[in-house]
Number of protein chains: 2
Amino acid sequence: MFSLAVPTALRPPPMLGLSPHLDPAGRFRRSIGLVAARPCLLPPILAVSPGKETTETVDLHSAEASNGSVLGKKNLVMSTVGNSTNILWHECPVGKLERQKLLKQKGCVIWITGLSGSGKSTMACALSRELHSRGYLAYVLDGDNLRHGLNRDLSFKAEDRAENIRRVGEVAKLFADAGIICIASLISPYRRDRDACRALLPDSTFIEVFMNIPLEVCEARDPKGLYKLARAGKIKGFTGIDDPYEPPWDCEIVIEPKDGECPPPVAMAEQVISYLNNNGFLQEQL
Amino acid sequence: MFSLAVPTALRPPPMLGLSPHLDPAGRFRRSIGLVAARPCLLPPILAVSPGKETTETVDLHSAEASNGSVLGKKNLVMSTVGNSTNILWHECPVGKLERQKLLKQKGCVIWITGLSGSGKSTMACALSRELHSRGYLAYVLDGDNLRHGLNRDLSFKAEDRAENIRRVGEVAKLFADAGIICIASLISPYRRDRDACRALLPDSTFIEVFMNIPLEVCEARDPKGLYKLARAGKIKGFTGIDDPYEPPWDCEIVIEPKDGECPPPVAMAEQVISYLNNNGFLQEQL
């Protein structure tokens, strides 16, 4: 019915200045050292002038066959969202519920907020480890790590911080939709930004964890040396120093010192797991 | 050791103009109709003037305890990436390999590219369904769907299209890192944008699928009526009409008509599954 291009079994990394050629079997392969573009077997599909009408209508694969059987026409809704026009929402036959059944868990977002040095990453890692050891699939979205990739174009200006959080919220939503226990760990100092992320998620699947550790404790820890830099005026707009942190009004979980002692990582993780357990996130989904 | 705020068991959706209050048990709850902010039990952590030095250094939870045991100091590397300064990469003890072992599959990105109407979404859904029925965890990132959320701020201008693809690539990378078979389905007309996404992924985990369906066939299908609008000049910069599509030079899989027939969805999916199977993506990871 159709052909399948045989893959390059051992593909050299594409950043080496590669260009494709055909191997003796007529298959495309990359090679090292040939930087000039080789002619492409598959001719580019050129833009045609907008006024030109296509008279050839070879209906090899009708719209019905293309969409009716798998997508279903009912699943196509044209809309304009933000700056995107003429976009359609596609619903796939395998949904969140099916993935949750496969994983025997319920997708959600654990949103860990708090000052720098309050233990957010420690909590995220400990939680990820404890969940994994029990056979659950969790994934950590770390604010700093995402700034190495998805959010590398964003600075720490107010509007960029908001956009940073919005994007993490949107990605966390995708992970939860995939059925995963998504652990987002970022300072997220403003209530409105966190609440906007909460609003993205279906009811009760956004679980906010506030690391309520006093500024003095965080600053004394200063694991990254950032408070020292902020105090010296070398970092501007640093949360807790010259930019405010707004604690949650009604988060699901608060981690705080008791009798002057901060809880150890495993105990923090166990408290979140206990919440997940009590609220049906760690059981087979029916 | 620490306290746990009891969660609101049935939380109303937060978009209704809610504000929190304490319920009779002293727990925070949202209520409908109270829009004015109520006082917060947890006092805001105010910004202090940059010049003010903290003399109180209550080291309840030392940097060693906070980072040494779980993160490990070796895992903290300060860097500047793009517009982000003073960011640290945190490595969690549960990595891609551990998640892959749990899932008994290898995380990767199946990148489906092709003209509008070439069957990308059909392929993505069929593949997702076939993988799921075999017990594998896959997740579809649909270009149009993401424009309803993560990429809602982007238009169809050239630079926004590139940013759209960059973000999908970065998110797909996260999903692959989570151990998931991530199916990205978007026109992605320019080779350089697709290659930039390929470069994000570890070698051989970016699997490009080119829907090589002739423009005439796609236009005859016109499942969304977009070609008609583009021909009428109501959509500008439409791929294949007044904007070019650059076919891949050496993609892993090409789907194309054979003997004038386009393959049905399940057959397309089976070909990708066969590739995944032959390349060790669908087996227990050691």
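Predicted model: local features only at pLDDT ≥ 70, side-chain atom pairs only at ≥ 80, totals over all residues.

Reply: A:R99 is a buried residue, because its relative accessible area is 5% and the cut-off for buried is under 20%. The residue belongs to helix α2 of chain A, which covers residues 96-103. Leaving aside neighbours within four places in sequence, A:R99 is in contact with A:V94, A:D177 and A:A178 in chain A, and with B:H132, B:L137, B:A138 and B:Y139 in chain B.

B:Y139 is part of one aromatic cluster, together with A:Y139, A:F175 and B:F175. B:A138 stands opposite B:I181 in β7(B).

Helix α5 of chain B, residues 158-177, packs on the sheet there and touches β5, β6 and β7 of chain B. The direction of α5 makes about 150° with that of β5(B).

Strand β7 of chain B spans residues 181-185, and five of its five residues are buried. B:I181, B:I183 and B:S185 lie on one side and B:C182 and B:A184 on the other; with all of them buried, both faces of the strand are covered. Strand β6 of chain B, residues 138-142, pairs with β7(B) in the parallel sense over five bridges. Within β7(B), B:S185 is the bridge partner of B:D142. Strand β5 of chain B, residues 108-114, also runs parallel to β7(B) and is joined to that strand by five bridges. In that region B:W111 stands opposite B:A184 of β7(B).

These strands belong to an open sheet of five strands in chain B, with the order β6-β7-β5-β8-β9 and parallel pairing. Strands β6 and β9 of chain B stand at the edges with a single partner strand each, so one side of each has no neighbour in the sheet. On average, neighbouring strands of this sheet are turned by 20° against each other, direction ignored.

Chain A has an open sheet of five strands as well, in the order β6-β7-β5-β8-β9, and the pairing is parallel. At its edges stand β6 (138-142) and β9 of chain A; each has a single partner strand, so one side of each is left without a neighbour in the sheet. Strand β7 of chain A, residues 181-185, pairs with β6(A) in the parallel sense over five bridges. A:A138 has A:I181 as its bridge partner in β7(A).

The UniProt record, an unreviewed entry, annotates residues 106-256 of chain A as "domain: APS kinase". Over residues 106-256, chain A is 40% helix and 17% strand, and the end C-alpha atoms are 27 Å apart.

A search of the whole structure finds nine aromatic pairs over all chains. One of them joins A:Y227 and A:F238, whose ring centres are 5.1 Å apart and whose planes stand at 85°, so the pair is edge-to-face. A:Y227 lies in helix α8 (residues 226-231) of chain A, and A:F238 lies in the loop between α8 and β9 (253-255) of chain A, so the pair ties together parts that are 11 residues apart in sequence. A:Y227 counts as buried because its relative accessibility is 0%. A:F238 is also buried, with a relative accessible area of 9%.

In chain B, B:F210 and B:Y245 form a stacked aromatic pair, 5.6 Å centre to centre with 10° between the planes. B:F210 lies in strand β8 (residues 206-211) of chain B and B:Y245 in the loop between α8 (226-231) and β9 (253-255) of chain B, so that pair links distant parts of the chain, 35 residues apart. B:F210 counts as buried at 1% relative accessibility, and B:Y245 is buried with a relative accessible area of 0%.

The charged end of A:R192 sits over the ring of A:Y190, 5.2 Å from the ring centre. In chain B, the charged end of B:K106 sits over the ring of B:F281, 5.2 Å from the centre of that ring.

Methods: Residues numbered from 1 in each chain as written. Chains lettered and ligands numbered in written order. Heavy atoms only, no water. Phe/Tyr/Trp six-rings, centres within 6.5 Å; stacked < 30°, edge-to-face > 60°. Helix = DSSP H or I, 4+ residues; strand = E, 2+ residues; numbered from the N terminus. Buried < 20%, exposed > 50% of the residue type's maximum accessible area, 1.4 Å probe, protein only. Lys NZ or Arg CZ within 6 Å of the ring centre and 35° of its normal. Pairing = 2+ DSSP bridges. UniProt positions renumbered as here; feature names shortened; annotations may be inferred. Axes fitted to C-alpha atoms, helices over the stretch in contact; angles between N-to-C directions. Contact = heavy atoms within 4.5 Å.
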